[in-house]
Amino acid sequence: MAEDGDDPVGGSLTPADTLDERVLARSEDLMRYVEVVAALVLVVLFAIGVFDLGLQIVQRALSGDITDPLVVVGFIDTALLLFIIVEVYQTVVAYTQESETRRIVRLVIYTGVIAMVRKAIIFRTGEYASERSALFAAAAYTLIILGLAALLVVERRTREAATDAI
């Protein structure tokens, strides 16, 4: 039988009172602050990108190059890069707010889709050493886009099934 002096005053320690738990709690706080800083950095990058895109459009319009298809593709590329920044920002915010995993996965898939569409739009066969290399790259992009599209379909159907079950 245990004596009264065996247990600490007030009973046994709660998990939050152990050194490991306190260190983990501090590390979670630190991670949250780093996530907030990352989100702020993304906001600044997005603002700089929007300003830069506007500046590029004005410069190209003044020079008369705005009708060049490669210039337009460059604008689209920059705009899609800005959308990627927005999606990554939303993912960071979702992590910070400890959103449901399904929302985070959906944001990551959307980011991947936008990134791959961007790659497909700026794809140039002349950038590869051979036609075979270009074909392999195009096939890889196609597989990734199809895989991401399949993930979106699966995610949407499981979300609808979960909603219907409620």
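**Exercise 1.** In this predicted model, Asp65 forms a salt bridge with Arg60. Work out how far apart the closest N and O atoms are, and decide whether Asp65 is buried, partly exposed or exposed.

*Solution.* Start with the distance: the closest N and O atoms of Asp65 and Arg60 are 3.5 Å apart. A salt bridge requires the nitrogen to be within 4 Å of the carboxyl oxygen, and the structure holds four such bridges. Next, look at the surroundings. Asp65 has 34% relative accessibility, so Asp65 counts as partly exposed. Arg60 also has a relative accessible area of 34% and is partly exposed.

**Exercise 2.** Now turn to Glu155 and Arg106, whose side chains meet in a salt bridge. Find which helices the two residues lie in.

*Solution.* First, the N to O distance for Glu155 and Arg106 is 2.8 Å. Then place the partners: Arg106 belongs to helix α3 (residues 101–121) and Glu155 to helix α4 (residues 131–165), so their pairing ties together parts 49 residues apart in sequence. Finally, check burial: both Glu155 and Arg106 are buried.

**Exercise 3.** Glu155 also meets Arg159 in a salt bridge. Explain how the two are placed along helix α4, and say which residues are joined into one network.

*Solution.* The Glu155 and Arg159 side chains come to 3.2 Å, N to O. Because these two residues are four apart in helix α4, about one helical turn separates Glu155 from Arg159. With a relative accessible area of 7%, Glu155 is buried, whereas Arg159, at 28%, counts as partly exposed. Putting the bridges together, shared partners join Arg106, Glu155 and Arg159 into one network.

Conventions. Residues are numbered from 1 along each chain as its sequence is written. This is a predicted model: local features need pLDDT of at least 70, side-chain atom pairs count only at pLDDT 80 or more; totals for chains, interfaces and linings use all residues. Side-chain values use heavy atoms; hydrogens and water are left out. Buried means under 20% relative accessible area, exposed over 50%, partly exposed in between (1.4 Å probe, protein chains only).
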